[in-house]
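Please open the structure in your viewer and keep the selection tool at hand.

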Amino acid sequence: MSATFFRQRPGKGLLALSTLFFLLMVWPVPADDEDDKRVKEQIEEVSQLLATGNTQQGLQGLDRLRQRYPDHPLVLTAVARILLMQNNAQGAIAMLNQALEKHPNHPMATASLADIELRMARGEQAQKCLDDALAVHPDSPELLLVAAQLKMMQQDIAAAQPLFQKVADNTAAHREMRFQAHSQLGAILAQQGKHPEAAETLGKALGIQWHPEVALAVADQAEKAGDVQGTLRAVNNFTMMIMYQQYAQIKDRALEQLRPIERRAKIREIEAILAEGDHTKAKQRIDSLNRELIKDAKAWGELGPQMRRVEMIQRTQLLEEGIQKGHDINWLNNMVHGIKRLSYDQQGEHMEKANAAVAKAQERIDDAHAVEIPAVLELARNGFTISDLDFPDAEMKKVLEDKGLKPYRELSVAAKTALREHFEPLAAARQAPPFEQHVLPFLENPTDDALRKTLLTSFMEHAGSFDTTAEGASRKQLVPDWVWLQSGQHGPSLPKEVADRREKAYSLWNDFDTLDLRKAGRWDEIIAGYDRIVALYPRREVLINRAHTHIYAGNYQAAWEDMALVAAISMYEIASSYRLSAGDLQGNQHALNYLGQAQALKALVEGHRNAQGPGANAAFVDVLDDLRNGRWIKAAEFVSANHLPGSIESWYVSQLRFGDLPQTKKILDALATAAESTNDPDRQGQLVRLAEPLGSYSHPAFILIRARAEADDDSRRKLLDTAASIAPRHAETSVMLAQLMEKQGESRAALVQYNVAAMGLTVAELKEPPRQEAARQRDRLAQSLRGNAKDWDFYLSLYNEYSKEMYANPRDRRLAARTEAIMNRLLGLNANRLGVLLSRADARRFIDDYQGALDDLEEAAQEMQGHERLPIVHAGIAECHLKLANHDLAMTFFTKSIDGGHRTSYNFQKRADLHRSAGNAQAAVADYSAALEINPEDTYSLLKRSELYEYQFEDDAKALADLEKLKALNEKANRSNTVVSIRLLGIQGRILNRTLR
């Protein structure tokens, strides 16, 4: 059916369904003889051609049919239809009269003529046609349907109804006729207010043929009948069917008409669930519908009162249950306030029940206050502050339990009010440390060097000599709490502009990726990135990491200044807020640790070597000197020792053990070399133990030590395979593995593994005896295995075999190393240099040799100038630069690749990541958007773009759209949605709050 059905319905709300004439050609007619049968079949073919837009072929077919059967009533009726389509009503009437002259009262021709008369508002002529024909053919569905339509036009519904009923009951009538009859009967019943019968009858029409107008009417009548589940079934059926392509033009408007019916039905469903007492299920439905309504202000305006009513009922049930279960007063108080908020425009039985529950809860709250308030005031008078009560340590928890109290955040409003009244006078009398007056000016202007130095000097004068390691040392001894803070504060009291910069700095901190830069030891670039973030706001986590990076770079003056700033700002933030995270408010100790590290670094800068007390740095000075001068084993002894928790030494040990510092590998390499070269088992055991805290399990030499001691070949093979996976080019591992392969009868695999140890080179090209021997063993096996084949053909067959496996298993570093070694051999045999270079670059990437891969790709790019695949090579070069932490060059080559035509979503993703890490949020959004244009289901770009929209641009609407699409894609792929769902709830809550305001 066409989109015209979604218009204002004519006459008393009846369905505006098509009249008979346009359907005549596809309805079956009685086939009295073979001619009738052939005519019917051919007319159906013509009708199909016309319906599918093949007008010329259809008309030609009809013309041939007319020449062959010039007087057949069905043919003449079909011609009349075409004439009417051409707005030639008189011609159509003449054609039908011609048919009826030779075939009086023919049902199809008569029905068609009567239909035209109806269209021309000549009801009397139509009535006469129908009366004469019905006298001869009283059961003809064609005639009955048009007769019923005539009665409808005459507003004689009582007469039309039995005629429609007769057609509907005629199982021999064509489905289109029965569909029309049931549809019109349903409309009549709806007009009569018989909504259940109307829904049932319209449903019968849909059972014959789906039509959007009828389907919408079913939902409407089911709703009016009070059949909630029937309404929702009708809604679901409609939503599913309207998605088919043939309804594309009317889909949006149809769904717009459906939504109010669906939402009202959902509210009634919630009411039914509440009547059963299942408030948990009701809450889920309420939340779901609320999330939908916040996007539609008009719908919220219409349904808001009903939503408040069902939510009030749900909360009332929850409150009644909570009273029975003895929930605490804070919970009761929240529920009471929620019910009061929802009930301002409610009345009736539900309001009475809500008032009764609220009154009972208030009694419990008042009784609890009588115990709670004196207890918290007693603690306050004994010196406990808000931060003590809000995030209590183990000792404080015991104090609270003994008094039957909860942490501050769970206290009642009345108790919090009592505390405020107690603390406010004390807060006014608080003696602020002198440095505090310099903190806020610096936070407001973090690039002002004079303000930074003033704060540093003031803080170190105040706290620089404090013994952070003394028993009972507390941050409060240095910086007393502000004593009272208004409820709901999140972080220190900052001007809005500064607070906004603080939040954006956190987002920039999360976006700044230092992993590859740290591995490469690119400290200056990391520091420059941190500088950019600190210029926005000097967040604690950024300053700490910048201080530590300064240590790696040897900038000890800058390191101590940053750690002193961390201590000063942390103490200020902790003292001025009880709404920091629990981790921050372990801060009494953390802040002292920061100060202790600053003291140790300051002593280092000033040349003092302190072994104990404030500023102890002797051990730290020693390890820095050992690392700087390559005394790796001595440094390993430092790593294996115990250090004071929170000290600068303890922190540095954790970085060497678990971080990604370049020095860690150098220490392990030195330990491995010493362990393999010693003949003293005790010394070797000592070296192995020193390596364990640094991850000896990830170093091939230590695995080889275990492998040599292993007597069982299979167990040794597993160890060697592990070592080869970790360091696939390791010579000793490759030789031992090749020997074991050969012993186990794997000669071809052994040859390749010997070739790995020989790096694909000849004996003459190698200097180290183990590698020379590996090359000789490789050549020995090659001579026995290749037979009469040339070296080139033999190694080409190995390349075909191993490269296929490598690409099938790109994470198997052993396969990549073996393929690389074979390609090295092919290059030595004058192979096709360009093809081998490109393949070897892949192998090198798979074993994380990005510099080697880059060398190959750059050489290949020189030979491919002007080649259509050069942009793909540029993408590979960009990827290598990215892994090598050459971010500027990575950006350059991703851009070259894109501009050259290699416009993949991955290229845009990676360039966007680089923009984001550099703080160029606008450029990052543009590239993520370009990636999504190429691949609309790019979940990575959706996630990252949503983060920028939410955290950098504060555009909740765009972030919400990205997250909703991301959630749908994750659900489709059966991926976890927890983080996405949490972010969605936060954004939807903000949007709802703005809507309600």
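This is a predicted model: local features need pLDDT of at least 70, side-chain atom pairs count only at pLDDT 80 or more; totals for chains, interfaces and linings use all residues.

Next, select Arg532 and Phe512; Arg532 lies over the face of Phe512, at 5.5 Å from the ring centre.

Proceed to the largest nonpolar core, which has 84 residues. Phe459, Ile551, Leu601, Phe620, Tyr652, Ile667 and Leu671 touch the most other members. Select residues 556-575 to display helix H28, which gives the most to this core, with 14 residues. Then select Leu671: beyond its neighbours within four places in sequence, its contacts include Ile633, Leu687 and Phe702. Another core, of 53 residues, lies apart from this one, and Leu50 and Met108 are among its members.

Now turn to the aromatic rings. Trp523, Tyr552, Phe620, Trp651 and Tyr652 form one aromatic cluster. The count of aromatic pairs comes to 14. For one of them, select Trp210 and Phe238: the ring centres are 5.7 Å apart and the planes stand at 55°, so the pair is tilted. Trp210 lies in the loop between helix H10 and helix H11, and Phe238 in helix H12, so the pair ties together parts that are 28 residues apart in sequence.

Finally, select Tyr928 and Tyr940, an edge-to-face pair with 6.4 Å from centre to centre and 70° between the planes. Is Tyr928 buried or exposed? Tyr928 counts as buried, at 0% relative accessibility, whereas Tyr940 is partly exposed, at 30%.

Key
Residues are numbered from 1 along each chain as its sequence is written. Side-chain values use heavy atoms; hydrogens and water are left out. A nonpolar core is a set of buried Ala, Val, Leu, Ile, Met, Phe, Trp, Tyr and Cys residues joined through side-chain atoms within 4.5 Å. Buried means under 20% relative accessible area, exposed over 50%, partly exposed in between (1.4 Å probe, protein chains only). Helices (H or I, at least four residues) and strands (E, at least two) are DSSP runs, numbered from the N terminus. Contact means heavy atoms within 4.5 Å. Rings of Phe, Tyr and Trp (its six-membered ring) pair if their centres lie within 6.5 Å; planes under 30 degrees apart count as stacked, over 60 as edge-to-face and the rest as tilted. A charge sits over a ring if NZ of Lys or CZ of Arg is within 6 Å of the ring centre and within 35 degrees of the ring normal.
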